[in-house]
Amino acid sequence: MFSDTHTHSIYSFDGHAQPEEMCEAAIRAGVPAFAVTDHYDIDGILAGYYPPFDAAGVRRALERAREKYAGRVRLVRGIELGQAWLYPDEARAFLCEQRFEFVIGSCHNLEGVPDFSFLNYTHMPDALISQLFSRMIAALTKCAAFPGVSVIAHPLYPLRYIRRCGRDLPLESFEEPFRELFSVMRENGAALEMNLRGILMGYTDAETEGWIMRLWRDAGGRGVTLASDAHRPEDIGAGQDIGAQILRDAGFTRVVFPGVDGPTHEDL
Ligand SMILES: [Zn+2]
Ligand SMILES: [Zn+2]
C-alpha cells in the first residue's frame, strides 16, 4: 500500500470520523501514512454558508492521534484549501497562522456559483458546461500560483458530476488550458493529484483519469500523489491498485508524499 495524501475527518462539513478512527482504519488497510486534509473553502466559510473551520480542534485531535499511533501510522496535518484566489489576503493569513504541513489547492466552485457537485447539468447547454469547465481550469491555474500550495487536487472535479447527470465533455478540446495550468504548476513545483474518488464513485474511469495524467507527464510534469479523497475511514487507501496502474501507464515511476521532514517518494 502507498501513503494517502488526501482524506477528510469530522472537521470537514462532509467528513465522518475522528482522526483516531482514521488511524485505526489506515493501519487495518496497511496504509503507512496519510494526510488529513480537511476542507477550507474560504469563500463559503467567509460568506457563512459553510460552517467555520475548527482549526484548534483539528490540531488537538491530530496531535492526540499522532501520539497514540506513533510508530504504527504516520499522520500529516494538511488542509484542502478551496478557492484561495478569491480571498488571497485572508487565505495567506490563514496559512501563515496555521502552518499546515501540507496544502492541497482545490477548485470546488467558481466565484458566486455553487459547488460543481450541487449543479444540475441534465438540461444544461453543452456550451455552458464547457464554459464552466474552462473557467475551472483557469481558476486552478490561479490556485497553482498561490504560495504554499504544493498539490493541485482533482483536476477533473466537475466531470464527476457532469457524467452523473448523463452528460459529457470533449476533454481533448481543453488540452491547451490544461497545458497552461501545468506550466504554472511546474514553475511552482506543484504536484498533480491522482484523485481516486471519481473512479470509486463510478463517475469517471481509468481511461479518463489516465488522459489527464498522461497530459501532465507529456507537459514535463513529474510530481504525482495518490489520493483516495476518503470522507469515511474505511475508504482510506481505497483504489490504490487502480491509481498506481494509471500512473505507471502514464509513465510515472514514483509518487510523492509530504512528510513532516520534507517530501518522501514511494516507487510505483
Ligand atoms: Zn476536493
Ligand atoms: Zn477532498
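The protein chain has ten helices and nine strands, both being DSSP runs numbered from the N terminus (H or I over at least four residues for helices, E over at least two for strands). Its radius of gyration is 17 Å, close to the 18 Å from the globule rule for 268 residues, so the chain is as compact as a globular protein of that length; the radius is taken over C-alpha atoms, and the rule is 2.2 Å times the number of residues to the power 0.38. This is a predicted model, where local features need pLDDT of at least 70, side-chain atom pairs count only at pLDDT 80 or more, and totals for chains, interfaces and linings use all residues. Residues are numbered from 1 along each chain as its sequence is written, while chains are lettered from A and ligands numbered from 1 in the order in which they are written.

Now for a helix pair. Helix α1 (residues 19–29) packs against helix α3 (residues 55–68) at about 35°, with the axes 8 Å apart; axes are lines fitted to C-alpha atoms over the stretch in contact, and angles run from 0 to 180 degrees between N-to-C directions. On the α1 side, Pro19, Glu20 and Cys23 make the contact, meaning C-beta atoms, placed from the backbone, within 7 Å.

Finally, look at alanine 144 in helix α5 (residues 126–144). Alanine 144 counts as buried because it has 23 C-beta neighbours inside 10 Å (buried takes 20 or more other C-beta atoms within 10 Å, exposed 12 or fewer, partly exposed in between). Beyond four places in sequence, its contacts include Gly105, Val149 and Leu181.

Terms used:
Two residues are in contact if their C-beta atoms, placed from the backbone, lie within 7 Å.
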